Amino acid sequence: MEQRVVFDFEIQFTNGGGIQGQDFRLDITGESISDQELADYIVQDLRLLMVGKVNILNKFYIQEKHKRTPVDTPSPEKLVDLSHTIFDGLVTYKGLPAPIICDFLSRENSRGRYEEGTEFQIGKIEMVSNTGTYIDCPFHRYEHGKDLSEVNLEAFANLEAITIDASNVIEIGADYFKGLEIRNKAVLVRTDWSKNWNTDAYFENHPFLTKEAAEYLLECGVKLVGIDSHNIDDTRGNSRPVHTILLGADILIVEHLCNLDKLPGSNYLFSAVPPKFKGVGTFPVRAFATLP
């Protein structure tokens, strides 16, 4: 037999009044379900508005054959984390200082400021903006380009995306992007170089896009280009044509991605949202993909 939850509920409305329900029965997949999950489900299922306090009462469980889809069935939508963890002392780019992450106010020192049993931690972070998995805006390359605060939120979030498999390739040319539907999409280039993250090997002879590839991506009108490598440009010289071409056309760049091997070829959304800083063109992001 399968698990069901039986409960009563009381709902108060913020504009006055309320409703009650007795002996509600819902199918669940697990052995238990929290009061908050039940409250959220009831409000959503009954399409209630102006809801205030919700009380779940007299809850117990029975075994009974399911009559419809359990309320706690996981959503088919899946999030895939594409960001590296930033920690104290992490070197993202040789020659740039590692972040310093420490307490500004420790829990121990906070105890004398609040009532007994109450404590807080306030962290302090000192770092360059090119740390961890980060996004480049035009201001990173161009003095009068848009900075983080000037780029619309729509450019960072819920972008239709495509994965380009360039694993085990160093020089990634335009041919890797031809014959594909890439216009108005986030193009994520999988090289699998992220396996070398936080090692000396990560910085040497890394995969990169060619100038011709950047020109083709510009011609096709892509919205963003990401890569799971040390740099989207070849760093063996001083030229940075890919940054120059893409950021000059307001095409954002995300570098130091990871887990691109967990993504499908297409039919998913990509997000990489930074804080809204003025006067900064690059900053770490929590990049992720939303899979259907």
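Predicted model: local features only at pLDDT ≥ 70, side-chain atom pairs only at ≥ 80, totals over all residues.
The protein chain folds into four helices and 16 strands. Its C-alpha atoms fill a box of roughly 70 × 55 × 35 Å along the principal axes. The radius of gyration is 25 Å, whereas a compact globule of 292 residues would have a value near 19 Å. Of the 292 residues, 42% are buried. Contacts between residues at least 6 apart in sequence were also examined, and 73% of them join residues at least 24 apart. The accessible surface comes to about 16200 Å². Carbon and sulfur atoms account for 48% of that surface.

Charge was considered next. The chain carries 29 positive and 43 negative side chains. The centres of these two sets lie 2 Å apart. Side chains of opposite charge can pair when their charged atoms come close. In this structure, there are twelve salt bridges.

One of these salt bridges joins Asp27 and Arg4, with an N to O distance of 2.6 Å. The two residues are 23 apart in the chain. Arg4 belongs to strand β1 (residues 3-13), and Asp27 to strand β2 (residues 18-27). Both Asp27 and Arg4 are buried.

Arg4 has a further partner, Glu64. Here the closest N and O atoms are 2.2 Å apart.

Another salt bridge forms between Asp81 and Arg286, whose closest N and O atoms are 2.9 Å apart. These residues are 205 apart in the chain. Asp81 lies in strand β4, while Arg286 lies in the loop between β15 (282-284) and β16 (288-291). Asp81 is partly exposed because its relative accessibility is 29%. Arg286 has a relative accessible area of 58%, so this residue is exposed. The cut-off for exposed residues is over 50%.

Some salt bridges share partners. Such bridges join Arg4, Asp23, Arg25, Asp27 and Glu64 into one network.

Conventions. Residues numbered from 1 in each chain as written. Heavy atoms only, no water. Salt bridge = Lys/Arg side-chain N within 4 Å of Asp/Glu carboxyl O. Buried < 20%, exposed > 50% of the residue type's maximum accessible area, 1.4 Å probe, protein only. Rg over C-alpha atoms; globule rule 2.2 N^0.38 Å. Contact = heavy atoms within 4.5 Å. Areas by Shrake-Rupley, 256 points an atom, 1.4 Å probe, with all protein chains shown as cover. Lys, Arg positive; Asp, Glu negative; His and termini not counted. Charge placed at Lys NZ, Arg CZ, Asp CG, Glu CD.
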